[in-house]
Amino acid sequence: ASGVAAITAGFEHTCALTSEGRAYCWGANDKGQVGRGTQDSGLAPVAVAGEQRYTALAAGSRFTCALDADGGVWCWGSNSRGQLGTGSDSTTSRLPVRMPLEVRALSLGAGAEHACAVVEGKRAFCWGAGASGQLGNGRTADSRVPVEAGVDRAVR
């Protein structure tokens, strides 16, 4: 209710970030996209599980990602197309899991079943669904790990 610093809306769920860095989510939770360890839908904001503090949020279709103060990326929810970026199979995660991105992320964005991060050095990395070329790596395949967007399309 108070102290909301940012908000993001995905497919049938919403998440807010407080000025203290806490994430709260509500709405549909069939894939764990509200990050509280259950699949129960939430009619009111509930804190995302864990002690992490975040600086940014991005929600897609049945998944959510967050950026921590150290530049780490955490995602939870559906992983049907690799949108959690962990390299694992299609197993969903009802709790936040840290992505193995080896560079410091500066910002995040999410689409339906993919997400991207701008990292140090002004480069872009994307993961998840790639059938329409949305990962920017010149291919139309999904990627379960972050892949760098092509140089000619990189954030400058």
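**Notes on the disulfides and cores**

1. Cys116 is partly exposed, as its relative accessible area is 22% (buried is under 20%, exposed over 50%, partly exposed in between, with a 1.4 Å probe and protein chains only). Its partner in a disulfide is Cys126, with the sulfur atoms 2.1 Å apart (the rule asks for cysteine sulfur atoms within 2.5 Å). Cys126 counts as buried at 4%.

2. A word on the basis: this is a predicted model, where local features need pLDDT of at least 70 and side-chain atom pairs pLDDT 80 or more, while totals for chains, interfaces and linings use all residues. Residues are numbered from 1 along each chain as its sequence is written, and side-chain values use heavy atoms, leaving out hydrogens and water.

3. The count comes to three disulfides, paired 1-2, 3-4, 5-6 in sequence order. Cys15 joins Cys25, and both are buried. Cys65 and Cys75 form another; with a torsion of about 105 degrees about the S-S bond, that disulfide is right-handed.

4. Cys65 and Cys75 also turn up in the largest nonpolar core, of 16 residues, among the members that touch the most others (such a core is a set of buried Ala, Val, Leu, Ile, Met, Phe, Trp, Tyr and Cys joined through side-chain atoms within 4.5 Å). A second, separate core of eleven residues includes Tyr54 and Trp76.

5. Tyr54 and Trp76 make a tilted aromatic pair, 6.1 Å centre to centre with 40 degrees between the planes (Phe, Tyr and six-membered Trp rings pair with centres within 6.5 Å; under 30 degrees is stacked, over 60 edge-to-face, the rest tilted). Trp76 is buried at 0% relative accessibility.
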